[in-house]
Amino acid sequence: MDLKPVDLIVDKYQEKRTALISILHDVQDKYKYLPEEALRMVASRLRMDINEIYGVATFYKSFSLVPKGKHSITLCMGTACHVRGGPKILRELKSVLHIEPGQTTSDRQFSLNVVNCLGVCAIGPVMMVDKRFYGEMSPLRARKIIETINKKRSGVES
Ligand code: FES
């Protein structure tokens with residue numbers, strides 16, 4: 001594994017331990033998860049115990065120690081989104097992707113997660129794909145979004 005990006009990320013934060021969470025976010029953005037080798041390098045560069053690093057990495061739900069899919073699907077199941085049909089959308093996503101929340105498709109294209117609020121309740125139900133919000137979601141729209149991503153991928157690969 002090429003760990004040069006980890007070096008550059010730690011350099012960017014000037015080896016500050018107080019920046020650990022930001023460093024871990026950047027490392028996860030780079031590798032799509034937190035590889036053990038990368039965490040060991042972060043621990044070494046920050047002169048921290050690896051167990052402390054793991055403590056932080058496992059405390060926050062936004063971090064993953066296993067590889068994530070290329071696309072992150074996050075569905076809000078907070079109260080406002082739940083009462084407007086969140087469970088039906090979740091059922092549709094599970095059916096289309098054949099995975100449960102917290103899992104990644106076998107082709108490593110999609111990871112599915114549910115959260116309790118994305119902070120945009122007025123446009124619920126809300127789904128986020130990578131960093132883009134989709135409001136007033138329905139099961140059909142959710143399916144079409146996944147299908148569109150899959151079609152674009154097929155177009156690029158064919
Ligand atoms: S409850 Fe869904 S965005 Fe707040």
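**Labels and their cut-offs**

Guide: T104 is found in the loop between α6 (86-97) and β2. Helices (H or I, at least four residues) and strands (E, at least two) are DSSP runs, numbered from the N terminus. This is a predicted model, in which local features need pLDDT of at least 70 and side-chain atom pairs count only at pLDDT 80 or more, while totals for chains, interfaces and linings use all residues. Residues are numbered from 1 along each chain as its sequence is written, and side-chain values use heavy atoms, with hydrogens and water left out.

Visitor: Why is T104 called partly exposed?

Guide: Buried means under 20% relative accessible area, exposed over 50%, and partly exposed in between (1.4 Å probe, protein chains only). T104 has a relative accessible area of 25%, so the label is partly exposed. The C-alpha atoms of T104 and K70 are separated by 9.3 Å, and the two residues are 34 residues apart along the chain.

Visitor: What makes F59 and Y60 an aromatic pair?

Guide: A pair of aromatic rings is described by the distance of the centres and the angle of the planes. Rings of Phe, Tyr and Trp (its six-membered ring) pair if their centres lie within 6.5 Å; planes under 30 degrees apart count as stacked, over 60 as edge-to-face and the rest as tilted. The structure holds 2 aromatic pairs. F59 and Y60 form one that is 5.0 Å centre to centre with 85 degrees between the planes, and it is edge-to-face.

Visitor: Why is the pair of Y60 and F63 called edge-to-face?

Guide: The ring centres of Y60 and F63 are 6.2 Å apart and their planes stand at 90 degrees, so this pair is edge-to-face. Ring pairs link F59, Y60 and F63 into a cluster.

Visitor: What makes D11 and R45 a salt bridge?

Guide: Side chains of opposite charge can pair when their charged atoms come close. A salt bridge is a side-chain nitrogen of Lys or Arg within 4 Å of a carboxyl oxygen of Asp or Glu. The closest N and O atoms of D11 and R45 are 2.6 Å apart, and the two form a salt bridge. D11 lies in helix α1 (residues 4-12) and R45 in helix α3 (residues 36-46), so the pair ties together parts that are 34 residues apart in sequence. D11 is partly exposed at 42%, whereas R45 counts as buried at 16%.

Visitor: How many salt bridges does the structure hold?

Guide: The structure holds 10 salt bridges. In one of them, the side chains of K12 and D26 meet at 2.8 Å, N to O. K12 is in helix α1 and D26 in helix α2, 14 residues apart, and the pair links distant parts of the chain. K12 counts as exposed at 54%, and D26 counts as buried at 18%. K94 forms a salt bridge with E100, with the closest N and O atoms 3.4 Å apart. Salt bridges that share partners join D7, D11, E15, R45 and R47 into one network.

Visitor: How do you know that the largest pocket lies between domain 1 and domain 2?

Guide: The chain is divided into domain 1 (4-59) and domain 2 (71-157), with bounds that come from an automatic or database domain assignment. Both domains give residues to the lining of the largest pocket, so the pocket lies between them. The centres of domain 1 and domain 2, taken over C-alpha atoms, are separated by 28 Å.

Visitor: Which residues lie nearest the centre of the largest pocket?

Guide: On a 1 Å grid over the protein atoms alone, a pocket is an open set of points where a 1.4 Å probe fits, with protein on both sides within 12 Å along at least five of seven lines; lining residues have an atom within 4 Å of a point. The largest pocket is lined by 25 residues, and Q28, S62, K68, S72 and T74 lie nearest its centre. β2 gives the most to this lining, with 4 residues.
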